[in-house]
Every structure is written in structure tokens, then in C-alpha cells.
Amino acid sequence: MSTPQIAFLKGHGTENDFVIVPDPDNALDLPAAVVARLCDRRAGIGGDGLLHVVRSASHPEARDMAEQAEWFMDYRNADGSVAEMCGNGVRVFARYLQRAGLASEGDLAVATRGGVKRVHLAEDGAVTVSMGHARLPGSGVRVTVDGRSWDARNVNMGNPHAVAFVDDLAHAGDLLSVPPFSPSSVYPDGVNIEFVVDRGPRHVAMRVHERGSGETRSCGTGACAVAVAAARRDGVDPAVTGAPATYTVDLPGGTLVITESPDGEVEMTGPAVIVAEGVIDPDWLETVSG
């Protein structure tokens, strides 16, 4: 029996790009090897990750969120591993739902492994995601690249981040492999590592090594973690000052605007674009999955 055709789309948020696989009933088997090949930029479609679009009620990890959010973002890293959250991915996921007629301009909810995220699709095309509250575990790490070392702040945005403020983004090195950090026990399941420089008042730029994907053009949860870390460094913690703190975060693929409110809610605003759609060749897929 031949493998059935599988539809896909390709989208990006500030050039953090994704393969999108609609599968409302969770009928597809997407093992890590298949996801990795789909995300391969030479042998597959290419992407920093894969957005598996499933109804929450049809996925065992999301059924308890089905009353709050109809759709579940089953996110996978480019190496096929499962991830808790992806901020740029949520924006692209929401844009796909809008394109497919499954959501309209305005507010919607998206279930993720990092909890239910509230999304707003604006008339001008911008997408705002309520990313939840940052957690700042007391333990930090020391990151080292090419003989230089920095203390990095531990910020969790539903997935783990280590934020290091540096003098020059080139000091991050090539980011082809995971920058060494210690103690490794702080992040037993790996970590996203951000290197950050100042551009002006409440304006920073960053590069990131994403766990399971390498350096990416953008990382939404990473930008949120950077803004939260910068606010603490700059003495403008909204919980203390009572005023929101907004940071502009430049990434290689574009710009995101991050606002943390006094109640701890972090919002991220940026673009999301669908660039192509098609069908995965079933014969090719059969050779990969076989």
C-alpha cells in the first residue's frame, strides 16, 4: 500500500522558519527521523523546526487543555526532538490557522506543552502572543566561548534559557555547536543560550543557539528571556516599579517587541508569514520512515 500524500506549508517569524504539517485528527506518525529529514535544508523542505497542527482533543498531551484551546501546537525541533514551546512558532501557527479559515482576526488560544498561549491577530498583520510569566530560578551558569566566559542568567519561558550579556555578538563564535556551560546540572535537558549586546535605551540585539536546532535567525522565547533579563539588570523589574517594561530586541532575522507587565505577563509582538504550501512526495517519505 502506498503512503498517502501529506500536505505541508512553509512559514517564518522573523526568519525563524518552520515546516507546518496540518493533522487535525493526530493521524500521522511523525517519528524524530522523519521530522529531522523534513527540516533538513538540503535533503528535505528545510526549517528550524516543525509545527504539527493537531486538535487538542485528539492529542494525549493536550486533551486537558481542549476546553481552553481547540488547537495544539505539537512543536518539534529540527533534530526531531520534542520541545515545550516556541514563541515564533506560535505566531506562525496562528497565522496558519487564520489562512486555513480556522481562526479569524482578533483573539484566539493555542495549546502548547508550555501551557495555553493567548494570541492576538492584528489588522496590520502583526501577531501578539501572551507568553505567560517568566520564571527565574536562582541557579545560573557560566558560559564559555573561545576562552571568554560570562555569567548567564537562568530564565525559563516554558523552556530553559541562559542569557549572557557580552561586548560584541561576534564573541558568541560560530554557534555551530552548543556553547560550553557549567555546571551542566542546571540544565539536564539542554538549554537555549542567548548572547546579548546593548543598542540603546531598552534596545538590545542578540544571537542564539537553540537547543536541538543550532543557531537560528530568531527565537521568540529567547527574545522574551532576554528582555526579562535586561529589565532585571537595568533595575526596571515591573513587579518592583509597578510600570510595564518594553524592550526592542533585534535578531538576525528581524525585530520583536517584548513587554513585561507588573503582573508578570510577558507579551511578544512580531510578524508571521506563510510563504509556500504543497504536498510531501509519498515515495520519498516512505524511504525516510522505512
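A residue is called exposed here when its relative accessible area is over 50%, and buried when that value is under 20%. With that in hand, let's walk through this predicted model, starting at a loop.

**A glycine on the outside**

Gly-147 has a relative accessible area of 72%, so this residue is exposed. Look for Gly-147 in the loop that joins strand 8 (141-145) to strand 9 (148-156).

**A threonine on the inside**

You will find Thr-112 in strand 5 (residues 106-112).

**Aromatic rings**

Next, the aromatic side chains. The model has 3 aromatic pairs, and two of them are set out here.

| Pair | Distance between ring centres | Angle between planes | Class |
|---|---|---|---|
| Trp-150 and Phe-195 | 5.8 Å | 80 degrees | edge-to-face |
| Phe-181 and Tyr-187 | 5.7 Å | 80 degrees | edge-to-face |

Why is the pair of Trp-150 and Phe-195 edge-to-face? Their planes stand at 80 degrees, and planes over 60 degrees apart fall in that class. This pair links distant parts of the chain, since Trp-150 belongs to strand 9 and Phe-195 to strand 12 (residues 192-200), 45 residues apart. Both Trp-150 and Phe-195 are buried. Phe-181 and Tyr-187 are buried as well.

One more ring deserves a look: Arg-233 lies over the face of Phe-165, 4.3 Å from the ring centre.

**One face of helix 1**

Finally, turn to helix 1 (residues 32-39), where Val-34, Val-35, Leu-38 and Cys-39 are buried. How do the buried residues fall when seen down the axis of helix 1? They sit within an arc of 130 degrees, so they line one face of the helix. Which elements cover these residues of helix 1? The cover includes strand 2 (16-22), strand 3 (49-55), strand 4 (71-77) and strand 18 (273-280), along with helix 5 (282-289).

Note on methods:
Residues are numbered from 1 along each chain as its sequence is written. This is a predicted model: local features need pLDDT of at least 70, side-chain atom pairs count only at pLDDT 80 or more; totals for chains, interfaces and linings use all residues. Side-chain values use heavy atoms; hydrogens and water are left out. Helices (H or I, at least four residues) and strands (E, at least two) are DSSP runs, numbered from the N terminus. Buried means under 20% relative accessible area, exposed over 50%, partly exposed in between (1.4 Å probe, protein chains only). Rings of Phe, Tyr and Trp (its six-membered ring) pair if their centres lie within 6.5 Å; planes under 30 degrees apart count as stacked, over 60 as edge-to-face and the rest as tilted. A charge sits over a ring if NZ of Lys or CZ of Arg is within 6 Å of the ring centre and within 35 degrees of the ring normal. The arc is that of the directions from the helix axis to the C-beta atoms. Contact means heavy atoms within 4.5 Å.
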